[in-house]
Amino acid sequence: MTAPLHLAAADARSHEILASIRQAFAEKGFDGASMQDLARAAGMSVGNFYRYFPSKAAIVQAMCGYDLAEIQAEFAEIQTSDRPMTCLRDRILGHFSEESMKDGQLWAEITAAAIRKPEIGAAARQMEETITTLLAAIFAHTTRRSVADAQVRYAGQCQMLVMLVKAMATRTAQCGPASPALAGQVVAVIDGILSQISNDKAEG
């Protein structure tokens, strides 16, 4: 069942607003960016801006939701590819590109805000939990295990992969691109995790 046109239009407009304010939000920080700053970045009056997002916490929750929807679509493509683990590796490493790392400062701000704001912390945790579940589904397919089994068996590996991507994005935002030596170590860890899982086929 599709959403009514007016709801779909409002959803699309919300997405446009979020895209236009991401940079301002990242540059000024959660506490530094006022609603006036964000409304200005979106090219809107403050009153109209509040109609879409009544608070900065609501903005962050919406950002998490939109980014998660994109991540789920990305994992759906990985799941249906001919070589899911290779595709997964390529997508993970793709997140270390300079273009993908532009959101590092934004996620550094969100991570900091999550410590102080329970509602933001809940949205961030939901995103990470969903990503680890999506990873487990790919690992289950690869090792011929049930998803429930893979979630338990590879919980640490899933969490480590999420942590690496998050840490690299935050570090790049704060210190600039990783040196070749550091990047090489991170890739080696990722390859080790994926190789370990690929070779851990269930018997029978």
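**Briefing: helix packing and salt bridges**

Leaving aside neighbours within four places in sequence, Glu74 is in contact (heavy atoms within 4.5 Å) with Arg91 and His95. The model is predicted, so local features need pLDDT of at least 70 and side-chain atom pairs pLDDT 80 or more, while totals for chains, interfaces and linings use all residues. Residues are numbered from 1 along each chain as its sequence is written, and side-chain values use heavy atoms, leaving out hydrogens and water.

- Glu74 lies in helix H4 (residues 56-79); helices are DSSP runs of H or I, at least four residues, numbered from the N terminus.
- Glu74 has a relative accessible area of 17% and is buried (under 20%; exposed is over 50%, partly exposed in between, with a 1.4 Å probe and protein chains only).
- In helix H5 (residues 84-94), the buried residues are Pro84, Met85, Cys87, Leu88 and Ile92.
- These residues cover an arc of only 160° around the axis, which puts them on the same side of H5; the arc is that of the directions from the helix axis to the C-beta atoms.
- Their cover includes H4, H7 (118-143), H9 (155-175) and H10 (180-198).

**Salt bridges**
- The whole structure holds eleven salt bridges (a side-chain nitrogen of Lys or Arg within 4 Å of a carboxyl oxygen of Asp or Glu).
- Arg89 forms one with Asp191, with the closest N and O atoms 2.5 Å apart.
- Arg89 lies in H5 and Asp191 in H10, so this pair ties together parts 102 residues apart in sequence.
- Arg89 is partly exposed at 27% relative accessible area, and Asp191 is partly exposed at 29%.

How values were computed:
Helix = DSSP H or I, 4+ residues; strand = E, 2+ residues; numbered from the N terminus.
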